[in-house]
Amino acid sequence: MKLDVLALFPDIIAPALQTGILKRIQDAGGLTVNVYNLRDWTTDKHKSVDDYPYGGGAGMILKPEPIFAATKELNVESDAHIVFLTPQGIPLTQPLVEALSLENHLILICGRYKGVDERVRQKIVTSEISIGDYVLSGGEIAALVIIDAIARVLPGALGDFESAHEDSFSKELLDHPHYTRPADYEGMKVPEVLLSGHHDNIKKWRHVEALKRTAQRRPDLLQEYDLTDEELAIINKVKQ
Ligand code: 6GU
């Protein structure tokens, strides 16, 4: 996958790409990320990327020309999925991450200031995405969130290929608790079943704990989940 990012503060994004899974998948050739400064496509001597809103009001608006010029240059094949990052976008979810990970070419445009000229939305943008119901000072951190989430589902990103599928949200329940050594840490003991070597019982215990945790923390996720009578009984116990 090829991923281009257009940002006003590329330095927020670039260093993070040199670490961990993000670095590994790029080195392995599974992902190519280029981060560009939108200012490089300005033509005036002040390199302005923003201007006052027609009709008045507070805040500056991202000008259309640099974004049109940059996306024209980066999308020569005209096959890119172009995402604008904004709190007005559709919420990022794991299924959306997985859909984006199937694209050949993504261009992420990071918003800043009051917003973007509406003609960018009309002519250039394929989808608008938000990473949650809060306001960031710009789309750069949101772009990083999306890149990280995509990278870890690309083939070859995880040493243990299984683990992407067993994580929270891939099966719409939160994850069960995890333990590692020591079996007794200052009197706090690891649940006996995990030490038993009895794989069926371990699997059952993990499923029950995942259900309980989901019912306690994110009951909204259970609406989408087809519950058996046994599972319903576990959840009702949590509610009491
Ligand atoms: Cl994508 N951008 C900004 N500026 N704020 C956000 C966001 C994006 N997603 C949530 N809040």
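**Labels and their grounds**

Modeller: V145 sits in helix α5, residues 140-151. Keep in mind throughout that this is a predicted model.

Colleague: Why is V145 called partly exposed?

Modeller: Its relative accessible area is 35%. Buried needs under 20% and exposed needs over 50%. The value for V145 lies in between, so V145 is partly exposed.

Colleague: Which residues have the most contacts inside the largest nonpolar core?

Modeller: They are L3, V5, I13, L85 and I147, in a core of 30 residues. Elements giving two or more residues to this core are β1 (2-7), α1 (20-27), β5 (81-91), α3 (94-100), β6 (105-110) and α5. The largest share is from α5, with eight residues. A second, separate core has 18 residues, including I82, V116, V120 and I124.

Colleague: What does L85 touch?

Modeller: Leaving out residues up to four places away in sequence, the contacts of L85 include L108, I109, C110, I129, A142 and I146.

Colleague: How do you know that E140 and R112 form a salt bridge?

Modeller: Their closest N and O atoms are 3.0 Å apart. The cut-off is 4 Å, so the pair qualifies. E140 is in helix α5, and R112 is in the loop between β6 and β7. They are 28 residues apart, and the pair links distant parts of the chain. Both E140 and R112 are buried.

Colleague: What makes R121 buried, and which residues share its salt-bridge network?

Modeller: R121 has 17% relative accessibility, under the 20% limit, so R121 counts as buried. Its side chain meets E128 in a salt bridge at 2.6 Å, N to O. E118, R121 and E128 are linked in a network. The count for the model comes to nine salt bridges.

Colleague: Turn to α8. How do you know that its length agrees with a helix?

Modeller: Helix α8 has 19 residues, 199-217. At 1.5 Å a residue, the helix should span 27 Å. The end C-alpha atoms are 27 Å apart, so the two agree.

Colleague: Why is E209 called buried, but K212 partly exposed?

Modeller: E209 has a relative accessible area of 17%, under 20%, so E209 is buried. K212 is at 29%, between the limits of 20% and 50%, so K212 is partly exposed. The two form a salt bridge, with closest N and O atoms 3.1 Å apart. Both lie in α8, three residues apart, about one turn of the helix.

Colleague: What covers the buried residues of α8?

Modeller: The cover includes α7 (192-195), α9 (219-222) and α10 (229-239). Among the buried residues are I202, W205 and L211.

Colleague: What is the phi of E186, and why is E186 called exposed?

Modeller: Phi is near 45°, a positive value in a residue other than glycine. E186 lies in the loop between β9 and β10 (188-189). Its relative accessibility is 68%, over the 50% limit, so E186 counts as exposed.

Colleague: What joins R181 and P182?

Modeller: A cis peptide bond, with omega about 5°. P182 is in the loop between α6 (162-166) and β9 (184-185).

Conventions. Residues numbered from 1 in each chain as written. Predicted model: local features only at pLDDT ≥ 70, side-chain atom pairs only at ≥ 80, totals over all residues. Heavy atoms only, no water. Helix = DSSP H or I, 4+ residues; strand = E, 2+ residues; numbered from the N terminus. Buried < 20%, exposed > 50% of the residue type's maximum accessible area, 1.4 Å probe, protein only. Core = buried A, V, L, I, M, F, W, Y, C linked by side-chain atoms within 4.5 Å. Contact = heavy atoms within 4.5 Å. Expected span 1.5 Å × (residues − 1).
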